[in-house]
Amino acid sequence: MRRSPKDTAESSRKITRRALVLGASQAAVVAVLGFRMHHMQVDEADDFKLLAEENRINMRLIPPARGLINDRNGNLLAGNEQNYRVVITREDAGDVEDVLHRLAQLIPLTAEDIERTLHESERRSAFVPITVADRLSWEDFSRVAVNAPALPGVTPEVGQSRFYPYAGDFAHALGYVGPVSDYDLSKMEDPDPLLQIPKFQIGKVGIESKMEDVLRGEAGTKRIEVNAVGRVMRELDRVDGKQGSRVQLTLDLGLQNYMQQRLGSESASAVCMHCETGDVLGIVSAPSFDPNLFVRGISSADYSQLMNHDHRPLADKSVQGTYPPGSTFKMVVALAALEAGVMTTQDTVYCPGYMQLGTRRFHCWSRGGHGSLNLTGALMHSCDIYFYEAAQRVGIEKISEMGQKLGLGIRHDLPLSAVAEGLMPTKAWKQERYGRDWQVGDSVNAGIGQGYILASPLQLAVMTARISTGRAIEPRLIRSIDGVEPPAAEPASLGLQEAFLRAARKGMHDVVNLRGGTGYGIRCVDDAMMIAGKSGTSQVRNITAAERAAGVISNDQLPWNRRDHALFVGFAPFDAPKVACSVVVEHGAGGSSVAGPIVRDILMQALSGGLPPLSAYPANQRDKVEAQRAKMNLLDPRLTAAAPPTRA
């Protein structure tokens with residue numbers, strides 16, 4: 001059937017309308033696409049460019065140089081040294097094992113080193129550098145650098161590492177640094193991104209740890225171009241970090257070295273501080289250790305040796321160790337009794353050699369007794385009976401109060417690890433701790449620094465400085481940070497009567513300078529360095545009645561760890577105190593014979609600024625002192641900040 005002209009025209013109109021609609025739709029789509037392309041390519045061009053850049057440009061942190069630590073005179077105590085190392089990249093090396101064997105012909109590499117490197121390279125991506133050797137000598141490093149073209153994939157690198165030029169002399173005070181551990185991170189709320197850098201090191205103990213935020217510095221940054229798999233292609237730019245602050249300590253290099261050498265192989269500790277400023281001039285614990293071993297990665301054998309040593313070289317006995325202060329505590333008891341008004345400086349107590357208290361007998365160290373003694377005489381002869389009586393009259397509450405006023409039983413704020421609080425007991429403390437009432441016998445024991453009382457060598461030095469000046473001297477270790485000294489207030493008065501303090505000082509003077517005093521053997525014959533002090537011996541075992549009746553076993557017949565601790569405290573010069581010192585020798589037996597000479601030598605060294613003349617010692621001791629000095633490995637007194645020691 002043929003279509004009419006009218007039908008044909010109608011069909012044409014419909015097709016035309018459809019074409020127009022379709023064309024309009026296509027035009028609209030093209031317009032939308034065009035608008036979107038214009039928006040993305042022009043309006044949002046910067047945003048998409050940034051996204052593209054972030055895909056191929058990485059930002060990486062640059063570890064800053066750690067801040068330096070100096071002594072009071074500017075000598076470097078903790079610094080940074082160049083660390084020469086060699087790394088290998090598997091993708092560039094080809095046959096890694098062959099390259100390593102060739103490298104072993106140039107530098108010392110053991111079979112274990114090669115095996116470790118091969119194992120590590122298989123675990124890592126091919127483009128990640130693996131450390132083959134660390135802490136190379138300059139000669140070995142140069143040999144590798146010269147032969148680098150023949151060692152594909154091998155790259156010599158220079159980094160920085162912490163070092164301690166005086167090794168054991170400052171080990172306990174400075175501490176050491178080590179790699180960041182999961183435990184370190186767990187203690188921080190918002191860890192510094194720097195701590196995520198592989199092998200980044202932070203302070204672990206001592207000043208290095210307590211001053212970490214000051215010493216760490218601020219990270220630098222560098223922009224590097226990487227390909228799709230993260231391989232570094234080139235470095236685009238770099239902003240170096242800010243080195244950590246320079247910390248200057250109050251410690252004196254020469255004195256610290258002398259003190260460490262003077263303690264020798266004893267299990268002991270010593271603290272020397274300035275009586276007016278509180279500056280800690282020397283603080284040592286013996287035996288010591290080399291902190292550089294920990295920085296470099298201490299071996300299992302070396303660590304086991306330190307851990308199993310019966311003298312505990314890793315413990316900082318100067319602030320962590322607490323001991324019964326023995327007779328060095330007698331000045332505290334005397335001042336408490338005088339201030340409370342229960343005794344005067346002229347009151348006497350008769351000593352027959354013992355005190356009967358109920359069914360128990362408390363003995364004086366002198367079995368024959370001392371007769372009648374006043375305060376200065378009781379201190380001079382260290383009469384136990386006098387202080388048994390004084391402690392009963394004044395009571396433990398006043399004794400504890402005086403002890404804290406003199407710096408005992410208080411945690412002093414120093415940037416050192418585990419600073420001990422010690423213990424000044426009270427009636428309430430015993431009830432809470434043991435559920436028992438305080439007994440008169442407890443006060444008697446406290447009268448001679450035994451029983452529950454505990455003090456650290458640092459606290460004993462503070463006590464001595466406060467007695468010598470009558471002021472609340474506070475110890476300090478930080479002299480300045482980046483050359484800026486922290487503000488320090490003038491030490492306040494202790495509020496004790498000067499007459500009572502003079503009596504205590506006079507007793508300490510007589511201990512050392514009058515014939516018959518328990519410390520007469522350690523006197524200094526140079527009046528400009530006249531020493532006042534007090535000996536102490538604290539028991540570590542109970543003496544039974546049967547042993548006392550048969551004769552107390554002498555310390556030299558006992559095993560080392562059952563001997564008494566030896567203590568001595570002193571200050572000098574007597575008329576114008578400048579320095580105070582305390583020494584504790586664990587199981588040293590005699591306070592006057594063992595700890596006393598060490599205190600004397602340290603005080604004289606501090607006042608002289610070096611070895612004092614032999615003429616300052618009693619004539620019959622000069623040969624012994626000279627022989628002792630000859631055995632000590634002392635630093636050259638001409639040493640300055642510009643001339644650090646030569647290190648192996």
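User: Among contacts between residues at least 6 apart in sequence, what share joins residues at least 24 apart?

Analyst: Contact means heavy atoms within 4.5 Å. In this protein, 71% of the contacts between residues at least 6 apart join residues at least 24 apart. This is a predicted model: local features need pLDDT of at least 70, side-chain atom pairs count only at pLDDT 80 or more, and totals for chains, interfaces and linings use all residues. Residues are numbered from 1 along each chain as its sequence is written, and side-chain values use heavy atoms, with hydrogens and water left out.

User: How many helices and strands are there, and what percentage of residues count as buried?

Analyst: Helices (H or I, at least four residues) and strands (E, at least two) are DSSP runs, numbered from the N terminus. The protein has 24 helices and 20 strands. Buried means under 20% relative accessible area, exposed over 50%, partly exposed in between (1.4 Å probe, protein chains only). Of the 648 residues, 47% count as buried.

User: Which helix holds Asp601, and is Asp601 buried or exposed?

Analyst: Asp601 lies in helix H23, residues 591-608. Its relative accessible area is 1%, so Asp601 is buried. Beyond neighbours within four places in sequence, Asp601 contacts Tyr258, Arg262, Tyr617 and Gln628.

User: Which side chain makes a polar contact with that of Asp601?

Analyst: A polar contact is a pair of N or O atoms within 3.5 Å; within protein, one must be able to donate a hydrogen and the other to accept it, and residues adjacent in sequence count only if both atoms are side-chain atoms. The side chains of Asp601 and Tyr617 make one at 3.3 Å. Arg600 also has its place in helix H23. At 4% relative accessibility, Arg600 counts as buried. Its side chain makes a polar contact of 3.2 Å with the side chain of Gln621. Not counting residues up to four places away, Arg600 touches several others, among them Gly521, Ile531 and Tyr617.

User: What describes two packed helices?

Analyst: The angle between their axes and the distance between the axes. Axes are lines fitted to C-alpha atoms, for helices over the stretch in contact, and angles run from 0 to 180 degrees between N-to-C directions. Helix H20 (residues 457-469) packs with helix H21 (residues 498-513) at about 120°, with the axes 8 Å apart. H20 contributes Thr464, Ile467, Ser468 and Thr469; H21 contributes Leu501, Arg505 and Met508.

User: How many aromatic pairs does the structure hold?

Analyst: Rings of Phe, Tyr and Trp (its six-membered ring) pair if their centres lie within 6.5 Å; planes under 30 degrees apart count as stacked, over 60 as edge-to-face and the rest as tilted. The structure holds 15 such pairs. One of them, Tyr176 with Phe289, is edge-to-face: 6.3 Å centre to centre, 85° between the planes. Tyr176 lies in strand S6 and Phe289 in the loop between strand S12 and helix H12, so the pair ties together parts 113 residues apart in sequence. Tyr176 is buried at 15% relative accessibility, and Phe289 is buried at 9%. Tyr176, Phe289, Phe294 and Tyr303 form one aromatic cluster.

User: Where does Arg361 lie, and where is the charged end of Arg433?

Analyst: A charge sits over a ring if NZ of Lys or CZ of Arg is within 6 Å of the ring centre and within 35 degrees of the ring normal. Arg361 lies over the face of Tyr354, 3.8 Å from the ring centre. The charged end of Arg433 sits over the ring of Tyr434, at 4.9 Å from its centre.
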